[in-house]
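User: I have a protein model and would like to go through some of its local features. Can we take them one at a time?

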Amino acid sequence: VGATMGPNNGDPEIACQSQLGGVITTGGGFSTYYPTPSWQTDAVNDFFTLSPSAKSGYNKNGRGFPDISLIGVQYAVVVDGQMNYYYGTSCSAPVFAAFITLINTERLAYNQSSVGFINPTLYSAGANKSYVYYNDITE
């Protein structure tokens with residue numbers, strides 16, 4: 001799970017970047033150790049074909065990461081009675097886990113199985129360009 005920023009200030013969503021006020025800079029790219037998994041092949045090929053930001057030096061045969069990102073800035077948390085703001089994947093990752101827990105809870109209430117290994121489903125749904133919940137983060 002990566003961290004993004006932008007919509008929290010009414011701006012377009014981009015990768016969290018410390019030089020732009022994100023406090024942390026999130027990671028992302030393509031593995032030099034792990035090959036592209038089958039469920040990610042179309043997305044990786046599309047990135048290198050369609051993205052103007054695809055740079056030489058990226059491993060076009062590597063596993064792309066992160067698989068998903070969420071807002072990772074300005075999480076308000078009360079610690080010892082004081083409001084603090086936190087940033088990064090330490091915020092976005094547990095929020096995504098909570099989303100999946102809510103989905104699993106609802107599925108179980110209807111005697112359905114949990115979503116299980118979700119990555120193939122994420123990429124399948126993300127390939128549907130009319131699905132408004134997916135936003136490709138390329139900056």
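User: In which loop is Asp-80 found?

Analyst: This is a predicted model. Strand β7 covers residues 82-86, and strand β6 covers residues 75-79. Asp-80 is found in the loop between β6 and β7.

User: Is Asp-80 buried or exposed?

Analyst: The relative accessible area of Asp-80 is 77%. A residue counts as exposed when this value is over 50%. Asp-80 is therefore exposed.

User: What is the phi of Asp-80?

Analyst: Most residues other than glycine have a negative phi. Asp-80 is not a glycine, yet its phi is positive, at about 50°.

User: Which loop holds Gln-74, and what is the phi of Gln-74?

Analyst: Gln-74 lies in the loop between β5 and β6. With 39% relative accessibility, Gln-74 counts as partly exposed. Its phi is positive in a residue other than glycine, and the value is near 60°.

User: What kind of peptide bond joins Phe-65 and Pro-66?

Analyst: Most peptide bonds are trans. Pro-66 is found in the loop between β4 (62-65) and β5. Omega for the bond joining Phe-65 and Pro-66 is about 0°, and the bond is cis.

User: Are Gly-2, Ala-3, Thr-4 and Met-5 of β1 buried or exposed?

Analyst: Gly-2 and Thr-4 point one way from β1, while Ala-3 and Met-5 point the other way. Residues on both sides of β1 are given one label, and all four are buried.

User: Which residue has its backbone oxygen 3.3 Å from a polar atom of the Thr-41 side chain?

Analyst: Thr-41 is found in helix α1, residues 41-50. Thr-41 is partly exposed because its relative accessible area is 30%. The backbone oxygen at 3.3 Å from a polar atom of its side chain belongs to Ser-38.

User: Which residues form a nonpolar patch on the surface, and what is their accessible area together?

Analyst: Val-77 is found in strand β6 and counts as partly exposed, at 34% relative accessibility. The patch is formed by Val-77, Val-79 and Tyr-86. Together their accessible area is about 210 Å².

Technical notes. Residues numbered from 1 in each chain as written. Predicted model: local features only at pLDDT ≥ 70, side-chain atom pairs only at ≥ 80, totals over all residues. Heavy atoms only, no water. Patch = residues over 30% accessible without salt bridge, like charges linked within 9 Å, V, L, I, M, F, W, Y side chains within 5 Å. Areas by Shrake-Rupley, 256 points an atom, 1.4 Å probe, with all protein chains shown as cover. Salt bridge = Lys/Arg side-chain N within 4 Å of Asp/Glu carboxyl O. Helix = DSSP H or I, 4+ residues; strand = E, 2+ residues; numbered from the N terminus. Buried < 20%, exposed > 50% of the residue type's maximum accessible area, 1.4 Å probe, protein only. Polar contact = N/O pair within 3.5 Å; in protein donor to acceptor, adjacent residues only side chain to side chain.
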